[in-house]
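Hi,

Here is the structure I promised to pass on.

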Amino acid sequence: MNARHLSLGLLAAIAVQATAQAPATAPVDPIKQQILKEVQGNAKLVQVMNDTIFSFGELGFQEFETSKYLVDILEKNGFTVEKGIAGIPTAFMATWTNGTGGPTIALGSDIDCIPQASQKPGVAYHDPIIPGAPGHGEGHNSGNVVNIVGALAVKDVMIKNHIPGTIKIWPGVAEELVGTKAYYVRDGYFKGVDDVLFSHVGDNLGTSYGGFTNNGLVSIQYNFHGESAHAAGAPWRGRSAVDAVELMDVGWNFRREHLRLQQRSHYVITNGGDQPNVVPQTASVWYYFREADYEHIKGLWDAGNDMAKGAALMTKTTWDSTLLGTAWPGHFNKAIAEDSTANAKLVGLPKWSDDDQTLAKAIQKELKVPEKGLAVKLDELKPAADPEKFYGGGSDDIGDISWAVPTIVLRYPANIPNMPGHNWANAIAMATPIAHKGVLAGAEVQALNLYDLMTKPELRKAAKEYYDNVQTKDVKYIPFVRATDKPAIWLNKATMDKYRPEMKKYYYDSTKYSTYLEQLGIKYPTVRDANTPAAPAAATSEDEDDSGSSIR
């Protein structure tokens, strides 16, 4: 749906309801004022895009409906779209150029969702749309809305004011698997790009700079190969691949005691044999090895290979491995982050309604965390972290792009503070007025960021100087992805094949319903009362990552 097809009266009415609060300081630049007006005029487009993508609920590498939907919007708005980039069917690179010369700025955000996170939006307790189905329990339905709506406003201003430059828009496919961005870099999709503006759902409005905010990782599946036999009649004739998997896991768990505090490592057994009376001839285990820098990540990978060799030797099996994903630790640009922070102060946080705060406090109560509601004070710029005080955490493959091009991540307030992350609870706000307002505020800031990078050569120069003289002065990017590695595009296919037919019944139809809440028949907000069946709360605590985290 294109907002330009809506009546001006309808747009104005929606803008009054959904726009962010009045800026803390009105922008002096009249073009920036026009940009904000353009974004606010697209409030209905924000709501429709956000709710539509939420309803698709597609897992990594299987985001076919989402990708098609976004490509259609971009093509209708004058972008040329290269589809299937880096050998990934749901990935694309959209490009629009005005005039000749000028900078090239790329905007990205993720599109995949979380397994078993199906949840009715606006309901402050666990109530899945389809039990067991995936859902947007991370909020990745919203980031490309921020980018596209922001870019459309800047595109119009560039045309009217004859500002030369190129805008690129791309999706983070399978981010939950850290499965694609390193391939984008390897295959040259960021060559010629001056700067990258990334966006990720959060519970406040702001950004940070520097490194040592998250771990990098390699994601590897170890495959063992043995020989089958009758497990009771002739077990001595078999060589169990499952024994090799279990021995590798035991070995790694003993090794874990002697690793640095910064490391995080975990595994799941993806193939544990067929049935008990057959000695398993094949078995697989999938590991994430996380650490703070290239050398230590590579060291964990090497140690994992040694464990596999030892397990294979003990069981007289053989082994091989498949690289499923990688992420470098991110390092984000100070100059662009400072500019983005100034723009966030111009925009300010959304004006939350009593219903918005009621929903937020109800789910916080449900999860037994402090009932603080939604953020009412703007985030400050988060400075570079002290590497001596960094003790590890999650990962995000935007890190690979940050080492190829000066990059920041804009967090925008579309979710509720102190959610557990990767959970049904993180989906509750993501197709409600909370998300609509937060995405609109994010689109305003992202548009101003994009305009500044297009028109301020001194900003681009400062960003490049930080990248050259601080970020990459002593650290050089060495990709984990090799020339022979290929994206794991088969992952999640079976799950989506199982659930997609039922999920299609709940795709949002914006031609019939004003919001997805209306289509689902949900009263906003719906909170627990005496007649609501009790449900176990998601495990969380005050100290866990909140919904602002963009890490896997």
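Start with H225: its bridge partner in β9 is T318. Keep in mind that this is a predicted model. Strand β6 (residues 216–225) and β9 pair in the antiparallel sense, over 9 bridges.

Zooming out, those two strands belong to an open sheet of 4 strands, which runs β7-β8-β6-β9 with antiparallel pairing. The edges are taken by β7 (264–271) and β9 (318–327); each has a single partner strand, so one side of each has no neighbour in the sheet. From one strand to the next, the twist averages 20°.

Two helices pack on this sheet. Helix α7 (residues 241–256) touches β6, β7 and β8 (282–291), and its direction makes about 20° with that of β8. Helix α8 (residues 294–315) touches β6, β8 and β9, and its direction makes about 10° with that of β6.

The other thing I looked at is a helix pair. Helix α2 (residues 30–41) packs against helix α5 (residues 143–160) at an angle of about 135°, and their axes are 9 Å apart. Angles over 145 would count as roughly antiparallel and 65 to 115 as roughly perpendicular, so α2 is oblique to α5. Their crossing is right-handed.

Which residues meet there? From α2 you have I31, Q34, I35, E38 and V39, and from α5 V149, G150, A153, V154, D156, V157 and K160. Sorted by class, that contact of α2 with α5 has 7 nonpolar, 2 polar and 3 charged residues.

Cheers

Terms used. Residues are numbered from 1 along each chain as its sequence is written. This is a predicted model: local features need pLDDT of at least 70, side-chain atom pairs count only at pLDDT 80 or more; totals for chains, interfaces and linings use all residues. Side-chain values use heavy atoms; hydrogens and water are left out. Two strands pair if DSSP finds at least two bridges between them. Axes are lines fitted to C-alpha atoms, for helices over the stretch in contact, and angles run from 0 to 180 degrees between N-to-C directions. Contact means heavy atoms within 4.5 Å. Angles under 35 degrees count as roughly parallel, over 145 as roughly antiparallel, 65 to 115 as roughly perpendicular and the rest as oblique. A crossing is left-handed if the near helix is turned anticlockwise from the far one by less than a right angle, and right-handed if clockwise. Ala, Val, Leu, Ile, Met, Phe, Trp, Tyr, Cys and Pro count as nonpolar, Asp, Glu, Lys and Arg as charged, and the others, Gly among them, as polar.
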